[in-house]
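Please take a moment to look over the sequence and the model before reading on. The paragraphs below move from the overall layout to the core, then to the aromatic rings, the pockets and a few individual residues.

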Amino acid sequence: MNEELTNPKYVLEHIWLNLEQATKDRRHDYHNVTFTNLSKNNQVSSRTVILRNFKKKENFLAFNTDIRSPKINAIRYNNNCQLLFYSKKLKEQLRIEVLSFVEHNNSITKKAWNKTQVMSRKCYMTSYPPGTEINEPSDGIPKYLKGKEPKKNESEIGFINFSVIINYIQSIDWLFLSSQGHKRLFFYKLNGKWKSKWKIP
C-alpha cells in the first residue's frame with residue numbers, strides 16, 4: 001500500500017474512490033466533512049456537513065443545507081471555500097479548495113430532495129432560520145412533529161427551505177500519515193488535466 005502511495009496517479013484514483021464510497025456509506029470517515037467559508041466581514045466560519053454527492057466527471061462534491069442559513073449569503077458573496085476531510089482508518093487528510101454555488105428551488109434540488117429520507121426533512125420544516133436567537137432551548141420543529149416522523153406529504157413544505165451546495169474542485173492537498181514517513185501530494189488542474197507536486201508534510 002505504501003509503495004502504491006508514491007504513485008500520483010494511484011493516489012488520485014484512491015481519493016476519487018473514497019469520496020465516492022463516502023456518499024454511499026455513512027460509516028465512511030469522509031461522510032462527515034468540515035466546510036469552511038468566509039463571511040462578508042472576513043470572519044472564518046466552519047461547520048460539519050454531510051457529503052451527499054460526488055461526480056468525478058463533473059468535478060464536484062455536494063451537500064445539502066437550509067437556504068435560510070447565514071452561509072448562503074456568505075457563499076454568494078465569496079464562493080472560494082474549502083472542504084476538510086480526515087480519516088483515522090486511512091490515516092489521511094484531504095484539504096480540497098472549491099468554488100461553491102447555491103442551488104435552490106430547481107431541478108437539481110428537486111432530485112436531491114426526492115432522495116432525502118422523510119425524517120431528515122424535519123430540519124427544513126423549522127419555523128425560524130438557523131442561527132435565530134431564542135429565549136430557551138428549541139430545535140424550532142413545530143410542536144405537532146415533536147418526537148415523530150412527518151408524513152411524506154407533510155414534509156413537502158420543507159422543500160422551499162432546501163438547497164444544495166455544489167462545490168467544484170480546484171485543488172486537493174493530500175496528506176498521508178505514517179510512522180515510516182508522512183507523504184504530502186498537491187493536485188491541481190492545468191489545461192483541463194490533473195497535475196501534481198510533492199510537498200514536505
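The model is predicted, and local features need pLDDT of at least 70, while side-chain atom pairs count only at pLDDT 80 or more and totals for chains, interfaces and linings use all residues. Residues are numbered from 1 along each chain as its sequence is written, and side-chain values use heavy atoms, with hydrogens and water left out.

Along its principal axes the C-alpha trace of the chain spans about 55 × 35 × 35 Å. To describe what lies inside, a residue is called buried under 20% relative accessible area, exposed over 50% and partly exposed in between, using a 1.4 Å probe and protein chains only. Of the 201 residues in the chain, 43% are buried.

In soluble globular proteins, nonpolar side chains tend to be buried together. A nonpolar core is a set of buried Ala, Val, Leu, Ile, Met, Phe, Trp, Tyr and Cys residues joined through side-chain atoms within 4.5 Å. In this model the largest nonpolar core has 33 residues, and those with the most contacts inside it are Leu 19, Phe 85 and Ile 96. At least two residues of this core come from each of α1, β1, β4, α2, β5, β6, β7 and β8, and α1 gives the most, with six residues. Gln 170 is found in strand β7, and its relative accessibility of 37% makes it partly exposed.

A pair of aromatic rings is described by the distance of the centres and the angle of the planes. Rings of Phe, Tyr and Trp (its six-membered ring) pair if their centres lie within 6.5 Å, and planes under 30 degrees apart count as stacked, over 60 as edge-to-face and the rest as tilted. The structure holds 12 aromatic pairs. In one of them, the rings of Phe 60 and Tyr 168 have centres 5.9 Å apart and planes at 70°, so this pair is edge-to-face. The pair links distant parts of the chain, with Phe 60 in strand β4 and Tyr 168 in strand β7, 108 residues apart. Phe 60 counts as buried because its relative accessibility is 12%, whereas Tyr 168, at 33%, counts as partly exposed. Elsewhere, ring pairs link Trp 113, Tyr 124, Phe 159 and Phe 162 into a cluster.

Some rings also have a charge over them, a term used if NZ of Lys or CZ of Arg is within 6 Å of the ring centre and within 35 degrees of the ring normal. Lys 110 lies over the face of Phe 159, at 4.7 Å from the ring centre, and Lys 197 lies over the face of Tyr 188, at 5.2 Å from the ring centre.

Where is empty space left? Rolling a probe the size of a water molecule over the atoms shows this. On a 1 Å grid over the protein atoms alone, a cavity is a set of points where a 1.4 Å probe fits but cannot get out, and a pocket is an open set with protein on both sides within 12 Å along at least five of seven lines, while lining residues have an atom within 4 Å of a point. Grid points are joined across faces, edges and corners, and a volume is the space filled by probe spheres set on the points. The largest pocket holds about 900 Å³ of space. Its lining has 29 residues, and Arg 52, Asn 53, Asn 64, Ala 112 and Lys 115 lie nearest its centre. The largest share of this lining, five residues, comes from α3.

Finally, most residues other than glycine have a negative phi, and most peptide bonds are trans. Asn 42 has a positive phi, near 65°, and lies in the loop between β1 and β2, where it is exposed, with a relative accessible area of 55%.

Methods:
Helix = DSSP H or I, 4+ residues; strand = E, 2+ residues; numbered from the N terminus.
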